[in-house]
Amino acid sequence: MGGLVQLRLKNEAATIQLGDLLARTLPVDINGWTVLLEGELGAGKSTLARALIHALGHEGAVPSPTYTLVEPYSLSRGMVYHIDLYRVSSEEELRFLGWNELDEGLRLVEWPERAPSLGREADLRIGMSYDGAGRTAQIEALSDEAKVLIHQMDAADF
């Protein structure tokens, strides 16, 4: 069973479809999961996060956490924290965000490269990149639990 899958996303609708797929394949108990969303500005990280949050049951707007840094969502499967580290300049700032208090939920982290140690505790790393008019999502399992999820995603068609 591999720990890496690469998906070609033809358009924004395919990115939303990936968010739906993630919601279906994540365990029912999402507490303690960390998903790192990497990629250049405009590569689709926020679109994917919004799609996943909606697919997990949130109705309404999903604002970007660029200025608030953390947007919490209380959903039937648990808490979801949409986190944007773009404005964070060092890993030490994570404690001011209350990082340790966010482990009772799913953490969706944009710009995780601002805190490189997050890779040690994360389950999935999703790298979004430009691919012509579409995007490519490279999804890497970082935990044993995530390898099962990757196997389920490997056959996805976008």
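Predicted model: local features only at pLDDT ≥ 70, side-chain atom pairs only at ≥ 80, totals over all residues.
Numbering runs from 1 along each chain as its sequence is written, and side-chain values use heavy atoms, without hydrogens or water.

β1 and β7 (residues 134-141) run antiparallel over six bridges; pairing takes at least two DSSP bridges between two strands, and strands are DSSP E runs of at least two residues, helices H or I runs of at least four, both numbered from the N terminus. Helix α3 (residues 144-153) packs on the sheet and touches β1, β6 and β7, at about 140 degrees to the direction of β7. Touching here is heavy atoms within 4.5 Å, and angles run from 0 to 180 degrees between N-to-C directions of lines fitted to C-alpha atoms, for helices over the stretch in contact.

Zooming out, the open sheet has seven strands, ordered β1-β7-β6-β2-β5-β4-β3, with mixed pairing. β1 (4-9) and β3 (70-75) are its edges, each pairing on one side only.

Back to Arg135. What does its side chain reach? The backbone oxygen of Gly42, at 2.9 Å. Arg135 is buried yet has no salt bridge, and the nearest oppositely charged side chain, Glu12, sits 8.3 Å away. Buried is under 20% relative accessible area, with a 1.4 Å probe and protein chains only; a salt bridge needs a Lys or Arg side-chain nitrogen within 4 Å of an Asp or Glu carboxyl oxygen. Beyond four places in sequence, the contacts of Arg135 include Leu7, Ala43 and Tyr130.

Conventions: Buried < 20%, exposed > 50% of the residue type's maximum accessible area, 1.4 Å probe, protein only. Lys, Arg positive; Asp, Glu negative; His and termini not counted. Polar contact = N/O pair within 3.5 Å; in protein donor to acceptor, adjacent residues only side chain to side chain.
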